[in-house]
Amino acid sequence: MEDTNRSWYFVERPTGEPDADCFELREENVPEPAEGELLVRVEHLSVDPYMRGRMRDRESYAEPWDVGDVLKGGVVGEVVESNSEQYDAGDFVTGEGTWADYSVLDADDVAPVDPEVADLPAYLGVLGMPGRTAYFGLLDVGEPKPGDTVVVSGAAGAVGSVVGQIAKLNGCRVVGFAGSDEKTRWLTDDLGFDAAINYKEIDDYEAALDEAAPDGVDVYYDNVGGPITDAVFTKLNLDARVAVCGQIAYYNDESIPTGPRKLPLLIATRAKVQGLLVGDYATRFGEASEQLAEWVASGEIAHRESVVEGLENAPDAFLGLFSGDNIGKQVVRVTE
(Lines give C-alpha, C1' and ligand atoms only; values in the text may rest on other atoms or scores of the structure.)
Protein backbone atom coordinates (compact mmCIF):
# COMPACT_ATOMS: atom_id res chain seq x y z
CA MET A 1 0.00 0.00 0.00
CA GLU A 2 1.22 3.50 -0.83
CA ASP A 3 2.25 5.89 1.95
CA THR A 4 0.34 8.86 0.51
CA ASN A 5 -3.12 9.37 -0.84
CA ARG A 6 -3.96 11.77 -3.66
CA SER A 7 -7.39 13.39 -3.31
CA TRP A 8 -9.27 15.90 -5.44
CA TYR A 9 -10.83 18.87 -3.64
CA PHE A 10 -13.55 21.29 -4.71
CA VAL A 11 -11.97 24.73 -4.31
CA GLU A 12 -14.03 27.21 -6.36
CA ARG A 13 -17.69 27.47 -7.31
CA PRO A 14 -18.11 27.88 -11.06
CA THR A 15 -20.10 30.52 -12.86
CA GLY A 16 -21.52 28.85 -15.92
CA GLU A 17 -19.46 25.93 -17.19
CA PRO A 18 -16.91 24.58 -14.67
CA ASP A 19 -13.21 24.59 -15.49
CA ALA A 20 -9.95 23.31 -14.04
CA ASP A 21 -9.84 26.13 -11.46
CA CYS A 22 -12.66 24.43 -9.55
CA PHE A 23 -10.42 21.48 -8.62
CA GLU A 24 -7.21 20.96 -6.67
CA LEU A 25 -5.24 17.72 -6.26
CA ARG A 26 -3.66 17.29 -2.82
CA GLU A 27 -1.44 14.66 -1.25
CA GLU A 28 -2.19 13.52 2.29
CA ASN A 29 -1.91 10.51 4.53
CA VAL A 30 -3.80 7.36 3.67
CA PRO A 31 -6.94 7.41 5.87
CA GLU A 32 -7.54 4.80 8.54
CA PRO A 33 -10.89 2.99 8.72
CA ALA A 34 -12.82 3.15 11.99
CA GLU A 35 -14.97 0.36 13.40
CA GLY A 36 -17.42 -0.81 10.75
CA GLU A 37 -15.48 0.82 7.93
CA LEU A 38 -13.39 -0.37 4.99
CA LEU A 39 -10.29 1.11 3.42
CA VAL A 40 -10.72 0.64 -0.32
CA ARG A 41 -8.09 1.04 -3.00
CA VAL A 42 -10.09 2.81 -5.69
CA GLU A 43 -9.78 1.05 -9.03
CA HIS A 44 -12.34 3.18 -10.91
CA LEU A 45 -14.38 6.23 -10.00
CA SER A 46 -17.51 7.62 -11.58
CA VAL A 47 -18.11 11.09 -12.98
CA ASP A 48 -21.77 11.98 -13.58
CA PRO A 49 -23.73 14.98 -14.87
CA TYR A 50 -25.69 15.35 -11.61
CA MET A 51 -22.45 16.39 -9.91
CA ARG A 52 -22.76 19.79 -11.59
CA GLY A 53 -25.73 20.50 -9.31
CA ARG A 54 -23.62 19.71 -6.26
CA MET A 55 -21.29 22.57 -7.24
CA ARG A 56 -24.05 25.16 -6.71
CA ASP A 57 -24.52 26.98 -3.43
CA ARG A 58 -28.12 25.95 -2.95
CA GLU A 59 -30.12 22.95 -1.88
CA SER A 60 -31.06 20.40 -4.49
CA TYR A 61 -31.90 16.71 -4.58
CA ALA A 62 -28.18 16.02 -4.10
CA GLU A 63 -26.42 17.66 -1.14
CA PRO A 64 -24.24 20.54 -2.39
CA TRP A 65 -20.50 20.44 -1.91
CA ASP A 66 -18.90 23.07 0.26
CA VAL A 67 -15.80 24.78 -1.05
CA GLY A 68 -12.95 22.86 0.52
CA ASP A 69 -14.74 19.48 0.41
CA VAL A 70 -13.11 16.42 -1.08
CA LEU A 71 -15.02 15.41 -4.20
CA LYS A 72 -17.32 12.42 -3.85
CA GLY A 73 -18.93 9.93 -6.17
CA GLY A 74 -19.36 6.29 -6.99
CA VAL A 75 -16.25 4.12 -6.73
CA VAL A 76 -15.38 0.48 -7.20
CA GLY A 77 -12.27 -1.08 -5.77
CA GLU A 78 -10.50 -3.61 -3.56
CA VAL A 79 -10.73 -3.73 0.21
CA VAL A 80 -7.19 -3.42 1.58
CA GLU A 81 -8.12 -3.10 5.26
CA SER A 82 -11.38 -4.14 6.91
CA ASN A 83 -12.79 -3.22 10.30
CA SER A 84 -16.02 -5.05 9.58
CA GLU A 85 -17.02 -8.70 9.73
CA GLN A 86 -18.97 -8.22 6.50
CA TYR A 87 -15.94 -7.96 4.21
CA ASP A 88 -12.35 -9.18 4.12
CA ALA A 89 -9.22 -7.70 2.59
CA GLY A 90 -9.18 -8.70 -1.06
CA ASP A 91 -12.94 -8.36 -1.56
CA PHE A 92 -14.19 -6.02 -4.28
CA VAL A 93 -16.95 -3.56 -3.42
CA THR A 94 -18.73 -0.53 -4.82
CA GLY A 95 -20.24 2.46 -3.04
CA GLU A 96 -20.07 6.21 -2.49
CA GLY A 97 -16.45 7.19 -2.01
CA THR A 98 -14.03 9.99 -2.83
CA TRP A 99 -12.00 11.01 -5.85
CA ALA A 100 -8.83 9.54 -4.40
CA ASP A 101 -6.39 6.65 -4.51
CA TYR A 102 -7.84 5.30 -1.27
CA SER A 103 -11.28 5.87 0.17
CA VAL A 104 -12.92 4.92 3.48
CA LEU A 105 -16.42 3.48 3.07
CA ASP A 106 -18.98 2.36 5.62
CA ALA A 107 -19.39 -1.41 5.28
CA ASP A 108 -23.17 -1.05 5.60
CA ASP A 109 -23.32 1.25 2.58
CA VAL A 110 -21.36 -0.78 0.02
CA ALA A 111 -22.31 -3.66 -2.25
CA PRO A 112 -20.18 -6.64 -3.23
CA VAL A 113 -18.86 -6.85 -6.77
CA ASP A 114 -18.59 -10.03 -8.81
CA PRO A 115 -15.90 -9.68 -11.49
CA GLU A 116 -17.23 -12.88 -13.08
CA VAL A 117 -20.45 -11.12 -14.12
CA ALA A 118 -18.84 -8.01 -15.63
CA ASP A 119 -15.66 -5.96 -15.53
CA LEU A 120 -15.33 -3.56 -12.61
CA PRO A 121 -16.30 -0.34 -14.51
CA ALA A 122 -19.71 -1.85 -15.31
CA TYR A 123 -20.58 -1.58 -11.60
CA LEU A 124 -20.48 2.20 -11.99
CA GLY A 125 -22.69 2.06 -15.08
CA VAL A 126 -25.14 -0.58 -16.20
CA LEU A 127 -24.83 -2.48 -12.90
CA GLY A 128 -24.73 0.67 -10.78
CA MET A 129 -26.68 3.87 -10.28
CA PRO A 130 -27.18 4.66 -14.01
CA GLY A 131 -28.51 1.17 -14.72
CA ARG A 132 -30.94 1.33 -11.80
CA THR A 133 -32.04 4.80 -12.92
CA ALA A 134 -32.82 3.44 -16.37
CA TYR A 135 -34.62 0.42 -14.94
CA PHE A 136 -36.98 2.23 -12.59
CA GLY A 137 -37.39 5.33 -14.74
CA LEU A 138 -38.52 3.37 -17.77
CA LEU A 139 -40.47 0.53 -16.16
CA ASP A 140 -42.11 2.36 -13.24
CA VAL A 141 -42.50 5.85 -14.69
CA GLY A 142 -42.59 5.19 -18.43
CA GLU A 143 -44.68 1.99 -18.16
CA PRO A 144 -43.79 0.73 -21.66
CA LYS A 145 -46.17 -1.62 -23.44
CA PRO A 146 -45.43 -3.89 -26.40
CA GLY A 147 -45.80 -1.89 -29.60
CA ASP A 148 -45.15 1.49 -27.93
CA THR A 149 -42.74 3.95 -29.46
CA VAL A 150 -40.13 5.01 -26.91
CA VAL A 151 -37.92 8.05 -27.56
CA VAL A 152 -34.77 8.60 -25.49
CA SER A 153 -32.68 11.77 -25.39
CA GLY A 154 -29.04 11.44 -24.37
CA ALA A 155 -29.44 7.91 -25.69
CA ALA A 156 -25.74 7.11 -25.98
CA GLY A 157 -25.05 7.96 -22.34
CA ALA A 158 -24.88 5.69 -19.32
CA VAL A 159 -28.62 5.88 -18.58
CA GLY A 160 -30.09 6.34 -22.03
CA SER A 161 -28.28 3.39 -23.59
CA VAL A 162 -29.75 1.06 -20.97
CA VAL A 163 -33.23 2.61 -21.24
CA GLY A 164 -33.37 1.86 -24.95
CA GLN A 165 -32.33 -1.74 -24.52
CA ILE A 166 -34.85 -2.40 -21.76
CA ALA A 167 -37.52 -0.87 -23.98
CA LYS A 168 -36.56 -3.28 -26.78
CA LEU A 169 -36.81 -6.19 -24.33
CA ASN A 170 -40.35 -4.99 -23.65
CA GLY A 171 -41.33 -5.11 -27.32
CA CYS A 172 -41.12 -1.39 -28.10
CA ARG A 173 -39.93 0.61 -31.09
CA VAL A 174 -37.01 2.68 -29.83
CA VAL A 175 -35.66 5.97 -31.16
CA GLY A 176 -32.61 7.67 -29.66
CA PHE A 177 -31.14 11.16 -29.89
CA ALA A 178 -27.34 11.36 -29.68
CA GLY A 179 -24.60 13.80 -30.65
CA SER A 180 -22.43 12.10 -33.28
CA ASP A 181 -22.58 9.60 -36.12
CA GLU A 182 -20.41 7.22 -34.10
CA LYS A 183 -22.94 7.31 -31.28
CA THR A 184 -25.97 6.82 -33.52
CA ARG A 185 -24.28 3.86 -35.25
CA TRP A 186 -23.59 2.32 -31.83
CA LEU A 187 -27.24 2.71 -30.89
CA THR A 188 -28.60 1.06 -34.01
CA ASP A 189 -25.85 -1.42 -34.92
CA ASP A 190 -24.88 -2.66 -31.45
CA LEU A 191 -27.77 -1.89 -29.10
CA GLY A 192 -30.69 -2.62 -31.41
CA PHE A 193 -32.36 0.80 -31.49
CA ASP A 194 -34.77 1.04 -34.42
CA ALA A 195 -33.65 4.57 -35.31
CA ALA A 196 -31.18 7.16 -34.04
CA ILE A 197 -30.99 10.89 -34.72
CA ASN A 198 -27.76 12.88 -34.65
CA TYR A 199 -29.15 16.12 -33.24
CA LYS A 200 -25.99 18.04 -34.11
CA GLU A 201 -26.49 17.44 -37.84
CA ILE A 202 -30.11 18.53 -38.22
CA ASP A 203 -32.09 21.70 -37.68
CA ASP A 204 -35.65 20.34 -37.69
CA TYR A 205 -36.12 17.86 -34.84
CA GLU A 206 -39.84 17.58 -35.46
CA ALA A 207 -39.29 16.49 -39.07
CA ALA A 208 -36.69 13.96 -37.92
CA LEU A 209 -39.20 12.54 -35.45
CA ASP A 210 -41.86 12.31 -38.16
CA GLU A 211 -39.50 9.98 -40.03
CA ALA A 212 -38.11 8.03 -37.08
CA ALA A 213 -41.36 7.80 -35.07
CA PRO A 214 -44.15 8.01 -37.68
CA ASP A 215 -46.77 6.72 -35.23
CA GLY A 216 -45.97 9.33 -32.59
CA VAL A 217 -44.39 8.94 -29.16
CA ASP A 218 -45.87 6.85 -26.36
CA VAL A 219 -42.96 7.11 -23.90
CA TYR A 220 -40.33 9.83 -23.73
CA TYR A 221 -37.31 9.32 -21.46
CA ASP A 222 -35.79 12.77 -21.08
CA ASN A 223 -32.13 13.09 -20.08
CA VAL A 224 -31.47 16.39 -21.83
CA GLY A 225 -34.29 18.96 -21.99
CA GLY A 226 -34.04 21.93 -24.34
CA PRO A 227 -35.10 21.98 -28.01
CA ILE A 228 -35.17 18.17 -28.28
CA THR A 229 -37.76 17.95 -25.54
CA ASP A 230 -39.74 20.81 -27.09
CA ALA A 231 -39.91 18.82 -30.33
CA VAL A 232 -40.85 15.51 -28.69
CA PHE A 233 -43.74 17.16 -26.82
CA THR A 234 -45.38 17.99 -30.16
CA LYS A 235 -45.39 14.27 -31.05
CA LEU A 236 -46.82 12.79 -27.85
CA ASN A 237 -49.67 10.34 -28.32
CA LEU A 238 -52.82 10.02 -26.25
CA ASP A 239 -51.94 8.91 -22.69
CA ALA A 240 -48.20 9.24 -23.34
CA ARG A 241 -45.79 9.06 -20.41
CA VAL A 242 -42.77 11.32 -19.97
CA ALA A 243 -40.01 10.41 -17.51
CA VAL A 244 -37.84 13.42 -16.68
CA CYS A 245 -34.47 12.08 -15.54
CA GLY A 246 -32.02 14.86 -16.42
CA GLN A 247 -31.79 18.31 -18.01
CA ILE A 248 -28.12 18.53 -18.95
CA ALA A 249 -28.91 21.22 -21.54
CA TYR A 250 -29.37 23.61 -18.60
CA TYR A 251 -26.86 22.40 -16.01
CA ASN A 252 -24.34 25.16 -16.72
CA ASP A 253 -26.89 27.95 -17.13
CA GLU A 254 -27.12 30.49 -14.34
CA SER A 255 -30.84 30.84 -15.07
CA ILE A 256 -33.09 28.51 -17.01
CA PRO A 257 -34.18 30.11 -20.30
CA THR A 258 -37.85 30.38 -21.15
CA GLY A 259 -38.55 28.14 -24.10
CA PRO A 260 -41.70 27.42 -26.10
CA ARG A 261 -44.72 26.83 -23.88
CA LYS A 262 -45.62 23.17 -24.34
CA LEU A 263 -47.96 22.45 -21.43
CA PRO A 264 -51.14 23.02 -23.48
CA LEU A 265 -50.14 19.96 -25.54
CA LEU A 266 -50.63 17.81 -22.45
CA ILE A 267 -54.30 18.69 -22.25
CA ALA A 268 -55.34 17.07 -25.53
CA THR A 269 -53.00 14.09 -25.11
CA ARG A 270 -53.66 13.61 -21.37
CA ALA A 271 -49.95 12.82 -21.18
CA LYS A 272 -48.30 12.34 -17.81
CA VAL A 273 -44.97 14.01 -17.00
CA GLN A 274 -43.08 12.78 -13.94
CA GLY A 275 -39.65 13.54 -12.57
CA LEU A 276 -37.66 10.73 -11.03
CA LEU A 277 -34.85 10.23 -8.54
CA VAL A 278 -33.36 6.78 -8.31
CA GLY A 279 -32.90 7.16 -4.55
CA ASP A 280 -36.67 6.93 -4.14
CA TYR A 281 -36.39 3.26 -5.14
CA ALA A 282 -33.67 2.35 -2.65
CA THR A 283 -35.72 -0.43 -1.07
CA ARG A 284 -35.92 -2.11 -4.50
CA PHE A 285 -32.29 -1.75 -5.57
CA GLY A 286 -31.76 -5.48 -5.12
CA GLU A 287 -34.53 -6.23 -7.64
CA ALA A 288 -32.98 -3.97 -10.27
CA SER A 289 -29.43 -5.17 -9.67
CA GLU A 290 -30.45 -8.82 -9.97
CA GLN A 291 -32.38 -8.31 -13.19
CA LEU A 292 -29.73 -6.10 -14.78
CA ALA A 293 -27.02 -8.63 -13.91
CA GLU A 294 -29.08 -11.38 -15.56
CA TRP A 295 -29.52 -9.32 -18.72
CA VAL A 296 -25.81 -8.46 -18.86
CA ALA A 297 -24.70 -12.05 -18.22
CA SER A 298 -27.04 -13.35 -20.95
CA GLY A 299 -25.92 -10.71 -23.45
CA GLU A 300 -29.42 -9.22 -23.70
CA ILE A 301 -28.05 -5.88 -22.55
CA ALA A 302 -24.72 -4.58 -23.87
CA HIS A 303 -22.73 -1.88 -22.18
CA ARG A 304 -19.79 0.37 -22.91
CA GLU A 305 -17.54 2.47 -20.74
CA SER A 306 -15.41 5.42 -21.81
CA VAL A 307 -12.33 5.10 -19.60
CA VAL A 308 -10.13 8.09 -18.81
CA GLU A 309 -6.74 7.00 -17.51
CA GLY A 310 -5.32 8.37 -14.28
CA LEU A 311 -6.70 10.02 -11.16
CA GLU A 312 -4.94 13.23 -12.20
CA ASN A 313 -7.33 13.44 -15.18
CA ALA A 314 -10.57 13.07 -13.20
CA PRO A 315 -11.63 16.74 -13.63
CA ASP A 316 -11.10 16.47 -17.39
CA ALA A 317 -13.29 13.37 -17.44
CA PHE A 318 -16.04 15.24 -15.60
CA LEU A 319 -15.82 18.32 -17.83
CA GLY A 320 -15.92 16.08 -20.89
CA LEU A 321 -19.47 15.07 -20.03
CA PHE A 322 -20.68 18.52 -21.09
CA SER A 323 -19.04 18.34 -24.49
CA GLY A 324 -20.29 14.81 -25.13
CA ASP A 325 -16.88 13.12 -25.05
CA ASN A 326 -18.23 9.86 -23.65
CA ILE A 327 -20.05 6.95 -25.23
CA GLY A 328 -21.78 4.93 -22.55
CA LYS A 329 -20.55 5.45 -19.00
CA GLN A 330 -17.69 7.85 -18.32
CA VAL A 331 -15.30 6.49 -15.68
CA VAL A 332 -11.77 7.18 -14.49
CA ARG A 333 -9.30 4.36 -14.05
CA VAL A 334 -7.36 5.15 -10.87
CA THR A 335 -5.44 1.89 -10.41
CA GLU A 336 -3.88 0.01 -13.31
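Reader: At what angle do helix H2 and helix H8 pack, and how far apart are their axes?

Author: In this predicted model, helix H2 (residues 129-142) and helix H8 (residues 285-298) pack at about 100°. Their axes are 10 Å apart.

Reader: Why are H2 and H8 called roughly perpendicular?

Author: Angles of 65 to 115 degrees count as roughly perpendicular. The H2 and H8 axes make an angle of about 100°. H2 and H8 are therefore roughly perpendicular to each other.

Reader: Which residues of H2 and H8 meet?

Author: H2 brings Gly131, Arg132, Tyr135 and Phe136. H8 brings Phe285, Glu287, Ala288, Ser289, Gln291, Leu292 and Trp295. By class, this contact has six nonpolar, three polar and two charged residues.

Reader: Which residues make the contact of H5 with H6?

Author: Tyr205, Glu206 and Leu209 of H5 touch Pro227, Ile228, Ala231 and Val232 of H6. The contact has six nonpolar, no polar and one charged residues.

Reader: How many aromatic pairs does a search of the whole structure find?

Author: The search finds ten.

Reader: Why is the pair of phenylalanine 10 and tryptophan 65 called tilted?

Author: Planes under 30 degrees apart count as stacked, and over 60 as edge-to-face. These two planes stand at 55°, so the pair is tilted. The ring centres are 6.0 Å apart. Phenylalanine 10 lies in strand E1 and tryptophan 65 in the loop between helix H1 and strand E4, so the pair ties together parts 55 residues apart in sequence.

Reader: How do you know whether phenylalanine 10 and tryptophan 65 are buried or exposed?

Author: Buried means under 20% relative accessible area. Phenylalanine 10 has 0%, so phenylalanine 10 is buried. Tryptophan 65 has 3% and counts as buried.

Reader: What makes the pair of phenylalanine 23 and tryptophan 99 stacked?

Author: The cut-off for stacked is under 30 degrees. Their planes lie at 10°, so the pair is stacked. The centres are 6.2 Å apart. Phenylalanine 23 sits in strand E2, and tryptophan 99 in the loop between strands E5 and E6, 76 residues apart. At 8%, phenylalanine 23 counts as buried. Tryptophan 99, at 1%, is buried.

Reader: Which residues do ring pairs link into a cluster?

Author: The cluster holds Trp8, Phe23, Trp99, Phe318 and Phe322.

Conventions: Residues numbered from 1 in each chain as written. Predicted model: local features only at pLDDT ≥ 70, side-chain atom pairs only at ≥ 80, totals over all residues. Heavy atoms only, no water. Contact = heavy atoms within 4.5 Å. Helix = DSSP H or I, 4+ residues; strand = E, 2+ residues; numbered from the N terminus. Nonpolar A, V, L, I, M, F, W, Y, C, P; charged D, E, K, R; others polar. Phe/Tyr/Trp six-rings, centres within 6.5 Å; stacked < 30°, edge-to-face > 60°. Buried < 20%, exposed > 50% of the residue type's maximum accessible area, 1.4 Å probe, protein only. Axes fitted to C-alpha atoms, helices over the stretch in contact; angles between N-to-C directions. Parallel < 35°, antiparallel > 145°, perpendicular 65-115°, else oblique.
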